[in-house]
Amino acid sequence: MTIKLANGRTETWISDRTGHKSSRQIHHYKRAARKVAELGLGDFAPLDEAIPEL
């Protein structure tokens with residue numbers, strides 16, 4: 001959730017995938033998401049690139 005929030009995904013996108021039912025639940029991840037965004041860490045790499053032997 002933190003990485004996806006940092007990379008611009010909406011609360012709706014997050015809740016559809018995680019089952020969180022309120023903004024309050026998602027809010028706990030936003031501070032870390034801001035830090036990830038400030039550091040420019042980007043998104044997850046595709047698995048076929050991250051683990052070539054797959």
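**Helices, core and salt bridges of a predicted model**

Thr 18 is placed in helix H2, where helices (H or I, at least four residues) and strands (E, at least two) are DSSP runs numbered from the N terminus. The model is a predicted one, in which local features need pLDDT of at least 70, side-chain atom pairs count only at pLDDT 80 or more, and totals for chains, interfaces and linings use all residues. Residues are numbered from 1 along each chain as its sequence is written, and side-chain values use heavy atoms, with hydrogens and water left out.

With a relative accessible area of 37%, Thr 18 is partly exposed; buried means under 20% relative accessible area, exposed over 50%, and partly exposed in between (1.4 Å probe, protein chains only). The C-alpha atom of Thr 18 is separated by 8.3 Å from that of Met 1, a residue 17 places away along the chain.

The chain contains five helices and zero strands, so its radius of gyration can be considered next: the value is 13 Å, well over the 10 Å that the globule rule gives for 54 residues, and the chain is therefore more spread out than a compact globule. The radius of gyration is taken over C-alpha atoms, and the globule rule is 2.2 Å times the number of residues to the power 0.38. Along the principal axes, the C-alpha atoms fill a box of roughly 40 × 25 × 15 Å. Of the 54 residues, 15% are buried. The accessible surface of the chain comes to about 4,400 Å², and 52% of this belongs to carbon and sulfur atoms; accessible areas come from the Shrake-Rupley method with a 1.4 Å probe, and for residues only the protein chains shown count as cover.

In soluble globular proteins, nonpolar side chains tend to be buried together. The largest nonpolar core here has seven residues, namely Ile 3, Leu 5, Ala 6, Ile 14, Ile 26, Ala 33 and Val 36. Helices H1 and H4 each supply at least two residues of this core, and H1 gives the most, with three residues. A nonpolar core is a set of buried Ala, Val, Leu, Ile, Met, Phe, Trp, Tyr and Cys residues joined through side-chain atoms within 4.5 Å. When residues up to four places away in sequence are not counted, Leu 5 touches Ile 14, Ile 26, Tyr 29, Lys 30 and Ala 33, a contact being heavy atoms within 4.5 Å.

Two salt bridges are found in a search of the whole structure (a side-chain nitrogen of Lys or Arg within 4 Å of a carboxyl oxygen of Asp or Glu). In one of them, Lys 4 pairs with Asp 43, and the closest N and O atoms are 3.0 Å apart. Because Lys 4 lies in helix H1 (residues 2-6) and Asp 43 in the loop between helix H4 (30-39) and H5, this pair ties together parts that are 39 residues apart in sequence. Asp 43 is partly exposed, at 41% relative accessibility. Glu 11 also forms a salt bridge, with Lys 30, and the closest N and O atoms are 2.5 Å apart. This pair links distant parts of the chain, as Glu 11 is in helix H2 (residues 11-18) and Lys 30 in helix H4, 19 residues apart. Glu 11 is partly exposed, with a relative accessible area of 23%, and Lys 30 is partly exposed at 27%.

Leu 47, in helix H5 (residues 47-50), is exposed at 57% relative accessibility.
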